[in-house]
Amino acid sequence: MAQIFAKHPRRQLGKAAQRFLTVKIYVKLFALLRQHHPGPNRSEPIVVELSEGATAADLVPVLNLPDKLVRHAFINNQQKTLDTALADGDTVNLFPPVAGG
């Protein structure tokens, strides 16, 4: 599993406090986003540590994903908005815009 550690840009805490206020998130990328997976096995989740209070939208810059390509998030297999706060151990599936026919 690829691991990425990031600090939530909105949190202004000392380094000691930030170390204790993190959540571990498991992220899977789908469709066009999959090419941005940092590891050799793109089907494995990416482990990301963010500061407590981070949202699904905060994953976009942390994972260097194109803003315009991230439109849908499923958090723990439930469709949620990108401004949904994440909790420790959440699984987030990110999808680009989807068109059907």
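1. A quick definition to start: two strands pair if DSSP finds at least two bridges between them. Strands themselves (E, at least two residues) and helices (H or I, at least four) are DSSP runs, numbered from the N terminus. With that in place, strand E4 (residues 72-75) and strand E5 (residues 78-80) pair in the antiparallel sense over 3 bridges. Within this pairing, Ala73 stands opposite Lys80 in E5. The two strands form a hairpin with 2 residues between them, and Asn76 in the turn has a positive phi of about 55°.

2. A word on the source: this is a predicted model, in which local features need pLDDT of at least 70 and side-chain atom pairs count only at pLDDT 80 or more, while totals for chains, interfaces and linings use all residues. Residues are numbered from 1 along each chain as its sequence is written, and side-chain values use heavy atoms, with hydrogens and water left out.

3. Now the overall layout. The protein chain has 2 helices and 6 strands, and along the sequence they follow the pattern β-α-β-β-α-β-β-β. Of its 101 residues, 35% count as buried (buried means under 20% relative accessible area, exposed over 50%, and partly exposed in between, with a 1.4 Å probe and protein chains only). The accessible surface comes to about 6100 Å², and 52% of this belongs to carbon and sulfur atoms; the areas come from the Shrake-Rupley method with a 1.4 Å probe, and for residues only the protein chains shown count as cover.

4. Taking contact as heavy atoms within 4.5 Å, residues 24 or more positions apart account for 65% of the contacts in the protein chain with a separation of 6 or more.

5. Back to E4, this time with its other partner. E4 and strand E6 (residues 91-95) pair in the antiparallel sense over 4 bridges. Here Ile75 stands opposite Val92, and Ala73 stands opposite Leu94. E6 also runs parallel to E2, with 4 bridges joining the two; in that pairing Val92 is the bridge partner of Val27.

6. What are the two faces of E4 like? Ala73 and Ile75 make up the covered face, whereas His72 and Phe74 lie on the uncovered one.

7. Which residues have the most contacts inside the largest nonpolar core? They are Val27, Leu29, Leu50, Leu59, Leu63, Leu86 and Leu94, in a core of 20 residues. Such a core is a set of buried Ala, Val, Leu, Ile, Met, Phe, Trp, Tyr and Cys residues joined through side-chain atoms within 4.5 Å. Two or more residues each come from strand E2 (22-29), strand E3 (46-51), helix H2 (59-62), E4 and E6. The most come from E2, which gives 4 residues.

8. The structure holds 2 aromatic pairs (rings of Phe, Tyr and Trp, the last by its six-membered ring, pair if their centres lie within 6.5 Å; planes under 30 degrees apart count as stacked, over 60 as edge-to-face and the rest as tilted). Phe30 and Phe95 are stacked, because their ring centres are 4.5 Å apart and their planes at 10°. Phe30 lies in the loop between E2 and E3 and Phe95 in strand E6, so this pair ties together parts that are 65 residues apart in sequence. Phe74 and Phe95 have ring centres 5.6 Å apart and planes at 75°, so that pair is edge-to-face. It links E4 to E6 across 21 residues.

9. Are these rings hidden or open? Phe30 is partly exposed at 23% relative accessibility, as is Phe95 at 22% and Phe74 at 27%. Phe30, Phe74 and Phe95 form one aromatic cluster.

10. Ala31 is found in the loop between E2 and E3 and counts as exposed, at 56% relative accessibility. Its C-alpha atom is separated by 6.7 Å from that of Phe95, 64 residues apart along the chain.
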